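This report sets out selected structural features of one protein chain.

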Amino acid sequence: MEQYLVYFLKVNGLLILFFLSYHFLLRKETFFQGNRWFLLMGVASSFILPLITFTETVWIEQETLVYENLPLITQSVEVTTTLQPSNFNWETILMWCYFGVSIVFLFRLTIELLSFFKIIKNSTKTKNENIILVETKENQNPFSFFNYLIFNKDNFTTEELELIVIHEKVHIEQKHSIDVLVAKLLCMMLWINPIVWLYRKAVLENLEYIADYETSKISNKLYEYQKTLLKVVTHQHSLSFTNQFYQSLIKKRIVMLNTNPSNKKNVWKFSLIIPAVVTYVLLFQVKTIAQVKKDNLTTNAVVVNNEINQKKEISESGTVKNSEYENSNATNNSQKNGFAVTYETHSPKNDTTKTKNKKQTNENISYGVTYETHSSEDNIKRIKEDKSIDYKKALIIFNDKEINSKEIDKIIFNSIATIITLSPTEKVIKKYGEKASNGVIIIEDNEHKKSEKSETLSDNKDVDFKLNGENESFVITKNSSNEDLNFYQSILKKSGFNMTYFNIKRNTKGEITQIHLKLDNNDEEVEKVIEKNTGIEDVLIGMQKGKPFISLSPQKKEPIMIITEDGNHNILFGGNMLKIPGEPTTKIENGKLDIYVNGKKLSNPEDFLTMDHSKIYYMKVVDKETLENNSKKGKRIDVKTK
């Protein structure tokens, strides 16, 4: 409702702008044809421009946000927004009253059309070229409507009729009936605006000026034509949607007939509407969208722990915190009895690398996995600063070729696709020899990773690695290769799970668009088909509470900035966390809070998460409740949209 009211006001505002421009700049000029198209363009622009929106993107520095206790998404949920029905309100009453008046005007127009066709039916008709002459016996002013010219010859002499026919023929040939109908419909739709009625009058006046000018020019009988205009003053019965020979502006028409043509230099006045329209567009039709600056990160195959009840915090800058214990200065000895999963993000503001170590007994393994990145950050610098392994002493393999620590500086840092670090366990040394006694760093660039020579995770399957605990899984991404899948398959098999994948489809970029997955442990079997034309969503496959499971991975949603008319920068982050400046952070959760949109309560407040947030211009916490620890939380939020 509100967006229609805004559109209505914009249309009326533009019509007023065009009318004032015509009234003060063009009304007294004799550019009749130019004025006609100016007025028509004003109507068209008034209805079209409010529908055109230009977007301006404002980039905002990314803030550090903390996500807590994010639940594991195990199934897709289809959300349907349902608004609770509300009682009849004043807005609805006023709207129907307005439409009621418009319907009355429409009814009047219908009656006039019926009267017109009745005159046509009961009169004598003759065709002269493309004009149908309709001779009536009624005491009716001469008028035309499209190709019909209606007149009563008993009221005029032959010479007067000749001038009248010329006048109405101009209306017919230039299709002035279209202008008349447009002006009539305009008043029906926007009758509440008094300027609209003046706009219609201006359109009709200008059409008569055009016909008068052409008639005097063709007949060359200016004096006789003016006498004819005065003669029909007493005949005032006419239809409002027709081009009438008599109009209640005889004096103006006679004055215009005797006015000297305007200087052509005055044509510049038409252009003055352009800066006014541009100003309107800049003020009302430019929508500002706030975007948070972010790094272009994509996740490669990663081993993750999905303990649902485990508290984990992930900062927006990408640092993983709070596991069973964390150690950013892990030594080789500490890693010999555990596997290390290294999460690295390449943010311009944060160069932190955290290592999560999960204790494991009777295993002599170490395995490192990093995030894949296409950021312009210096990845080589990160290798050098990694305290878990000394790059100067470690065996460095770049694209399957051994290089020394000095040659590492020659690698184009933003071409790196994958970095794998292996601690010097017995099996690693057995595979790579004594050179691996200080660890191994395996680097691949994007081009090599796509080739068949790539040393992927599956090439390290001789490292004795398997899942441990009841809630662990692999992540299959759209970029996972068949070798990656084979590696997951072998590790899951060691953990007592049989993984099968088939019906894989990839697009031209090599991204997985469809995959059919099965996983069982001889007691239970789960099966899922995942497909998406632009590349599948991340999929978790592994065990949950000791049982096989396949699920879409919870997606870390980017923060959404909602800028309201009061200047507040409200942030929707973590998928369902809302922060309004000056108010406590609120979790959007069904049954825990009420959200009203344009005065109507959402039956499920989580529907707020799926609405178009760019249309929100007002958002306020109007009711709060006090918790047991005396902290506050939002109880009701009012939202208004355009």
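The model is a predicted one. Thr215 belongs to helix H6, which covers residues 194-219. A polar atom of the Thr215 side chain lies 2.6 Å from the backbone oxygen of Ala211. When neighbours within four places in sequence are left aside, Thr215 is in contact with Leu163, Ile166, His167, Asn220 and Tyr225.

## Glu160 in helix H4

Glu160 is part of helix H4, residues 158-173. Its relative accessibility is 14%, so Glu160 counts as buried. A polar atom of the Glu160 side chain lies 3.0 Å from the backbone nitrogen of Thr157. Apart from its neighbours within four places in sequence, Glu160 is in contact with Asn155, Thr228 and Lys231.

| Side chain | Backbone atom | Distance |
|---|---|---|
| Thr215 | oxygen of Ala211 | 2.6 Å |
| Glu160 | nitrogen of Thr157 | 3.0 Å |

## Helix H9

Helix H9 comprises twelve residues, 273-284. The distance from its first C-alpha to its last is 16 Å, close to the 16 Å expected at 1.5 Å a residue. Within H9, the buried residues are Ile273, Val277, Tyr280 and Val281. Viewed down the axis of H9, its buried residues fall within an arc of 95°, so they line one face of the helix. Leu282 and Leu283, on the other side of H9, are exposed.

## Cysteines

How many disulfides does a search of the whole structure find? The search finds zero disulfides. Cys97 has a relative accessible area of 46% and is partly exposed. Cys187, at 2% relative accessibility, counts as buried.

## Loop residues with positive phi

Most residues other than glycine have a negative phi. Lys175, although not a glycine, has a positive phi of about 55°. Lys175 is placed in the loop between H4 and helix H5 (176-189). Asn522, also a residue other than glycine, has a positive phi near 75°. The loop that holds Asn522 runs between strand E20 (512-520) and strand E21 (525-531). With a relative accessible area of 68%, Asn522 is exposed.

## Annotated regions and the whole chain

An unreviewed UniProt entry places the feature "transmembrane region" at residues 6-25, 37-60, 93-117 and 267-284. In the model, residues 6-25 are 100% helix and 0% strand, with end C-alpha atoms 28 Å apart. The span of residues 93-117 is likewise 100% helix and 0% strand, and its end C-alpha atoms lie 36 Å apart.

The secondary structure of the chain amounts to 14 helices and 31 strands. Of its 642 residues, 45% count as buried. Among contacts in the chain with a separation of 6 or more, 67% are accounted for by residues 24 or more positions apart.

Technical notes: Residues numbered from 1 in each chain as written. Predicted model: local features only at pLDDT ≥ 70, side-chain atom pairs only at ≥ 80, totals over all residues. Heavy atoms only, no water. Helix = DSSP H or I, 4+ residues; strand = E, 2+ residues; numbered from the N terminus. Polar contact = N/O pair within 3.5 Å; in protein donor to acceptor, adjacent residues only side chain to side chain. Contact = heavy atoms within 4.5 Å. Expected span 1.5 Å × (residues − 1). Buried < 20%, exposed > 50% of the residue type's maximum accessible area, 1.4 Å probe, protein only. Arc of directions from axis to C-beta. Disulfide = S-S within 2.5 Å. UniProt positions renumbered as here; feature names shortened; annotations may be inferred.
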